[in-house]
Amino acid sequence: GTVRIGGGLHGQGALAHAQATNIGKATISADATNKGNGGTVAVWSDGNTRFAGNISARGGAKGGNGGQVETSGHTLGVAPSARVDTSAPLGLTGDWLLDPETITITANGQDPYDSTNTAVSIDPSAITGALNSTAVTLQATGGSASITVNNDIEYSSGNALSLLSQGIITVNANIQNSGSGAVNLVAGWDTTSLDFSGTVDPG
């Protein structure tokens, strides 16, 4: 199944776009219930998207791959409480895509319920928590594209973490995976598809 809130995947399709989308402490699921692939969940806005809830698109318990989750907007804030799960017990893990123009990874990412917090940021704990059950791809696209890492991203996972920026990537803190999943950073990315199916030495 497919869940679309504020727009479709990558803002494409005929669905009308929201100007702002807030996902609070709610649960959204597009899970396969028995055998089959997980579905697709798209959370989109043309302005500011904020995410603090739980999204799952799990593969079936008796077979099937994990699905696809996207939380995107011109700007994107992700709170520490945000969780994404695209696991698949008998199949391939799915992917969580975060695709604003600029990305700042810092502790205490934006909470949709906190009107006093105007900084748009993504909490590293949301990323590391998701990596237990999904691959995570952060894409910064647009004329001012940039990714800045201001707090540590430390975890152990077999799933890939990818940071792709059409502009710059600035790393001011540690990025460390003690598991087998790849860690990919690409600055000056030309938006073409990249194959990150392999792994790197976590040392």
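Two strands pair when DSSP finds at least two bridges between them, and the strands themselves are DSSP runs (E, at least two residues), numbered from the N terminus. Keep that in mind for the views below. This is a predicted model, in which local features need pLDDT of at least 70 and side-chain atom pairs count only at pLDDT 80 or more, while totals for chains, interfaces and linings use all residues. Residues are numbered from 1 along each chain as its sequence is written, and side-chain values use heavy atoms, with hydrogens and water left out.

**View 1. An open sheet of 3 strands in the order 11-13-16.** The pairing in this sheet is parallel. Strand 11 (102-105) and strand 16 (168-171) stand at the edges with a single partner strand each, so one side of each has no neighbour in the sheet. On average, neighbouring strands here are turned by 5° against each other, direction ignored; for such angles, axes are lines fitted to C-alpha atoms, and the angles run from 0 to 180 degrees between N-to-C directions. Look next at strand 13 (residues 146-149), which pairs with strand 16 in the parallel sense over 4 bridges. Which residue of strand 16 is the bridge partner of Ser 146? The partner is Ile 168.

**View 2. A second open sheet of 3 strands, in the order 2-5-8.** Here too the pairing is parallel. Strand 2 (20-23) and strand 8 (75-78) are the edge strands, and each pairs on one side only. The twist from one strand to the next averages 10°. Between strand 5 and strand 8 there are 4 bridges, in the parallel sense.

View 3. Thr 49 belongs to strand 5 (residues 48-51). Is Thr 49 buried or exposed? Thr 49 is buried, with a relative accessible area of 0% (buried means under 20%, exposed over 50% and partly exposed in between, with a 1.4 Å probe and protein chains only). Leaving aside neighbours within four places in sequence, Thr 49 is in contact (heavy atoms within 4.5 Å) with several residues, including Thr 21, Trp 44, Gly 73 and Leu 76. The C-alpha atoms of Thr 49 and Gly 73 are separated by 5.3 Å, although the two residues are 24 residues apart along the chain. The side chain of Thr 49 also makes a polar contact of 2.9 Å with the side chain of Ser 45. A polar contact is a pair of N or O atoms within 3.5 Å; within protein, one must be able to donate a hydrogen and the other to accept it, and residues adjacent in sequence count only if both atoms are side-chain atoms. A polar atom of the Thr 49 side chain lies 2.8 Å from the backbone oxygen of Ser 72.

View 4. How many salt bridges does the structure hold? There are 2, where a salt bridge is a side-chain nitrogen of Lys or Arg within 4 Å of a carboxyl oxygen of Asp or Glu. In one of them, Arg 58 meets Asp 31, with the closest N and O atoms 2.9 Å apart. Arg 58 lies in the loop between strand 6 (54-56) and strand 7 (68-72), and Asp 31 in the loop between strand 3 (27-29) and strand 4 (40-44), so the pair ties together parts that are 27 residues apart in sequence. Arg 58 also forms a salt bridge with Asp 85, the closest N and O atoms being 3.4 Å apart. Because Asp 85 sits in strand 9 (residues 83-85), this pair likewise ties together parts that are 27 residues apart in sequence. Through shared partners, Asp 31, Arg 58 and Asp 85 join into one network. Arg 58 is partly exposed at 33% relative accessible area, and Asp 31 is partly exposed at 25%.

**View 5. Strand 12 and its partners.** All 6 of the 6 residues of strand 12 (residues 135-140) are buried, so the strand is largely enclosed by the rest of the structure. Ala 135, Thr 137 and Gln 139 point one way, while Val 136, Leu 138 and Ala 140 point the other way. Strand 10 (residues 95-98) runs parallel to strand 12 and is joined to it by 4 bridges, with Leu 98 opposite Leu 138. Strand 15 (residues 161-165) pairs with strand 12 in the parallel sense over 5 bridges, and Gln 139 stands opposite Leu 164.
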